[in-house]
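Trainee: I would like a close look at one part here. Please take me through the interface between the two chains.

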There are 2 protein chains.
Amino acid sequence: SSANGTKSPTTLPLNNSFLNLDQGDPTVFESFWRELNDECTVVIKGSDLLSYLSDTGNVCWFLLPELRDAVKRLHNVVGNAVTEKKHIVVGTGSTQLFQAALFALSSPDSPHPMNVVAAAPYYSEYKDEVEVVLSRLYKWSGDANVFDKDEAYIEVVTSPNNPDGTLRGPVVKSRAEGKLVYDFAYYWPQYTPITHKADHDIMLFTFSKCTGHAGSRIGWAIVKDIEVAEKMTRYIQMSSIGVSKESQTRVAKIMQVICDNYQNFGYAESKLFFQHSKRLMVKRWKKLNEAIKQSDVFTVAKSQRAYCHFTKELSETYPAFAWLKCKEGIEDCESYFRKLKIITRGGERFGADAKYARLSMLCKDEVFDEFLTRLSNIKWVSN
Amino acid sequence: SSANGTKSPTTLPLNNSFLNLDQGDPTVFESFWRELNDECTVVIKGSDLLSYLSDTGNVCWFLLPELRDAVKRLHNVVGNAVTEKKHIVVGTGSTQLFQAALFALSSPDSPHPMNVVAAAPYYSEYKDEVEVVLSRLYKWSGDANVFDKDEAYIEVVTSPNNPDGTLRGPVVKSRAEGKLVYDFAYYWPQYTPITHKADHDIMLFTFSKCTGHAGSRIGWAIVKDIEVAEKMTRYIQMSSIGVSKESQTRVAKIMQVICDNYQNFGYAESKLFFQHSKRLMVKRWKKLNEAIKQSDVFTVAKSQRAYCHFTKELSETYPAFAWLKCKEGIEDCESYFRKLKIITRGGERFGADAKYARLSMLCKDEVFDEFLTRLSNIKWVSN
């Protein structure tokens, strides 16, 4: 049963089936949104949202003005990014915007393809997204920690990092021309203290990890330079002629509800999304840390502590993924979990060792509880 | 004022402003959908559609089953494509699916990049979509009519064709291995007689031109081979991790309403979408043909006539664009129209002569009427 006492429709008993903790499908927040179902409801009529165009006076001509305003308002409420004097570009998830950024920052006239690097362990999909159609504009050049070519590069700075939740800055030491793309998918108060208002040239955000509405496929970039914003818009035009207006409308509505609830002081704390979702993450991490300690098979990276300007308190990080390392004697963490019928993503996919695996902390309650049960039975399995 | 007598909110008087007939923004159908606003309404609650996943048992794991079923039902009602024993892949517009098809049909192990060709005049965006990130998998090789390399190729067959509305088949004569992608964006009864149930390996459709819901960014591919469907799905995963579920839900709903209205015989003909929209197209083409004849400056390609298995009558084509050719003495059709403050897309963009230009026939009523007024004043302008 889920947090609010209603039962989710689970067709199979979980205790003998595979648990999928591979993807970071953020269904953990579902019960919160169910409580706010009515406030968040959007109604779309037959003749609404027909046109390709949204705002022809704006750089990103397919961005609905209501979403642009909601994005700025949300960042203002949370205090995690500067939006003043910047351009907002909407994308079909931040995945599309990542590729739009590579396109915008590289050039067909360059003598080499642009090197794209990220410090290991890095998000497992960057490599494939960079390489999927074998572009001559850019190429994947691996771990930023060891990049030392005298060629132009883009460093992707993921903070908090996927898979390990660490707070990060750029690491490349090359004297060549470098550009930075900040992937802030997880820079929200439930996962990390909000240490500062980020203010960089290109910052990517996704609604999927912010609220759990992954099915909407809405991401946005906050971009300083208008020419970069124009090129990113051009890429999205070539790639999909814009972004779903239904999703844009709905995401704008949900952002407005989040902000309204923060700005109406009389509201119950149970209606404050980031407080509620942080409590969920704190609870899960507490349980996981206990189970890991008991099992004596894994270690997990120490969480970081900092002052959070949003919650006005010292806070730990509560990453969206657990990045576990097997202790001596187990060489392949993913395979180890597979014996427990737990599907994880192995360390090598992240440019790290097979001793590591990444596990989603955002699954449904019943899946998480069953995961803990299996962890607590581990000694029995390994003997 | 629009077709149903209500006034659209036009902020500027049209008679001195630029008319944008460049894009094919399909707002002509808006008044029809306004009449069906209540039937087509979708309501999306706060906790709906959270997950990335839709149907993990299906090749296209992000396709909502309700959309898959609605797509099959719509093709069954219209009779324009075979869906039995085929796979449906949903995309963010058919633009994303076109690129997914190129990815699926080409290989990194091939000695040459795959040649992508289309018979001129071809859709102006194919070239840029193929070339945008300078892939080493495929390249744009221009007019299919003159392609004679002994190298593997993909021919895009657009029927009815954009820009000129002609009904087409493949034209390449090369003995090299060729693959076909059918772009059926306009293979709907308001634009063309439905001459047969199309049954090809890869067929692309878009909701934008079918009903005018371009803002939803929903396209679908009907694919015979499961491995091709898998590779297309993989491309969309890398490109945007799926497709907006809000749009998928809404498009499924509108398709269901269209089909319901056809299958309930008691319904008024004014509720039958394709009958209604065909009447709009017939009316516009009649007016345009008269204005062109009067102006004595342009010619327009002769429309084709065939038996339509959907309307059960002989029918002409009523293309979504007018493809106009200037008569002797005018070398640049786009510039000619610009003097009339009419924005068109010049022939060279389509691999054709500058004497041609493409004009959208899908604009709002007030824009179309003003366009006709300017055409009728042409002699005054050209003297």
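How many residue pairs are in polar contact across the interface of chain B and chain A?

Mentor: This is a predicted model. Across the interface of chain B and chain A, 47 residue pairs are in polar contact, with both residues at pLDDT 80 or more. Several elements of chain B give two or more residues to the side that touches chain A. The helices among them are α1 (30-35), α2 (37-40), α4 (93-105), α5 (125-131), α6 (207-211), α7 (226-240) and α8 (245-263). Strand β2 (42-44) of chain B is also on that list. The largest share, 6 residues, comes from α7(B). By class, this side of chain B has 23 nonpolar, 24 polar and 15 charged residues.

Now the charges. The rule finds 4 salt bridges across the interface. One of them joins the side chains of Glu246(B) and Arg250(A), at 2.7 Å from N to O.

Next, the strands. β2 of chain A, residues 42-44, pairs with β2(B). The sense is antiparallel, over 3 bridges. Within this pairing, Ile44(A) stands opposite Val42(B).

Last, the extent. Contact involves 62 residues of chain B and 62 residues of chain A. The area buried between the chains is about 5,300 Å². Carbon and sulfur atoms give 55% of that area. In chain B, Leu50(B), Tyr52(B) and Met238(B) lose the most area to chain A. Together they account for 14% of what the chain B side buries.

Methods. Residues numbered from 1 in each chain as written. Chains lettered and ligands numbered in written order. Predicted model: local features only at pLDDT ≥ 70, side-chain atom pairs only at ≥ 80, totals over all residues. Heavy atoms only, no water. Contact = heavy atoms within 4.5 Å. Buried area = accessible area lost by both parts, 1.4 Å probe. Polar contact = N/O pair within 3.5 Å; in protein donor to acceptor, adjacent residues only side chain to side chain. Helix = DSSP H or I, 4+ residues; strand = E, 2+ residues; numbered from the N terminus. Nonpolar A, V, L, I, M, F, W, Y, C, P; charged D, E, K, R; others polar. Pairing = 2+ DSSP bridges.
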